[in-house]
Amino acid sequence: MNTKNAGHDDSANPLVDSTPQDGSKQDSLPQDSSPKRQSLGGQEKQILRQRAEVEALVRVEETAAEVALSPEEARRLLHELQVHQIELEIQNEELRRAQVELEMSRTQYFDLFELAPVGYLTLSGKGLILKANLTAATLLGVTRGALVKQPLTSFILPEDQEIYYLHRKKLFETGSPLACELR
């Protein structure tokens, strides 16, 4: 059953009418159109899938009624759909491979940064500590949480502050790796 309102056809909207054309009963689907929802739970995904299937059936029935396909045209469309399905399967395989590579990279990062016997700090352009590994926190005698968003200068002796300032200035001017010793 399709509803019409002031010349507007709502037959393509599964939110308006989700009753199949054959008159069979279907469970009514919850109507949640909240734009604030950013992620769907399992049940909501299933409901969305059901709505899409109903919409697809309606569209197929409307298209079939409007256009009578020759056997050649039907074969061509079937071929196109099969090619598209294979393309999607290939893309899915590539995404899975990329996901595995990303996970391997994360593991390698964890091993190199977090488990290193050397203290590592990641600094912002203003000299604030963004990240610190456990070794750096241990060397500085504080927890990692206490390091984040703190200026590195608060951990440098006042006598070495100028060395750090000049070193940092030169680093930003040249972009070349530099080394210095600070206490």
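The largest pocket in this predicted model comes out at about 610 Å³. A pocket here is an open set of points on a 1 Å grid over the protein atoms alone, where a 1.4 Å probe fits and protein lies on both sides within 12 Å along at least five of seven lines. Grid points are joined across faces, edges and corners, and the volume is the space filled by probe spheres set on them. Of the 24 lining residues, Leu121, Leu123, Leu152, Tyr164 and Leu182 sit closest to the centre; to count as lining, a residue needs an atom within 4 Å of a point. Strand E3 (121-123), helix H3 (134-140) and H5 each give two or more residues to this lining, and H5 has the largest share, with five. Helices (H or I, at least four residues) and strands (E, at least two) are DSSP runs numbered from the N terminus.

H5 itself covers residues 161-174. Its 14 residues reach 20 Å from first C-alpha to last, close to the 20 Å expected (1.5 Å times one less than the number of residues). Within H5 lies isoleucine 163, which counts as partly exposed because its relative accessibility is 39% (buried is under 20%, exposed over 50%, partly exposed in between, with a 1.4 Å probe and protein chains only). Setting aside neighbours within four places in sequence, isoleucine 163 is in contact (heavy atoms within 4.5 Å) with Cys180, Glu181 and Leu182. Its C-alpha is 8.0 Å from that of cysteine 180, 17 residues away along the chain.

Across the 183 residues of the chain, 15% are buried.

As for confidence, the mean pLDDT (the predictor's confidence in each residue, from 0 to 100) is 78, with 76% of residues at 70 or more. Over residues 1-38 it is below 50, though this stretch still has 36 contacts beyond near neighbours in sequence.

Residues are numbered from 1 along each chain as its sequence is written. Local features need pLDDT of at least 70 and side-chain atom pairs 80 or more, while totals for chains, interfaces and linings use all residues, and side-chain values use heavy atoms, leaving out hydrogens and water.
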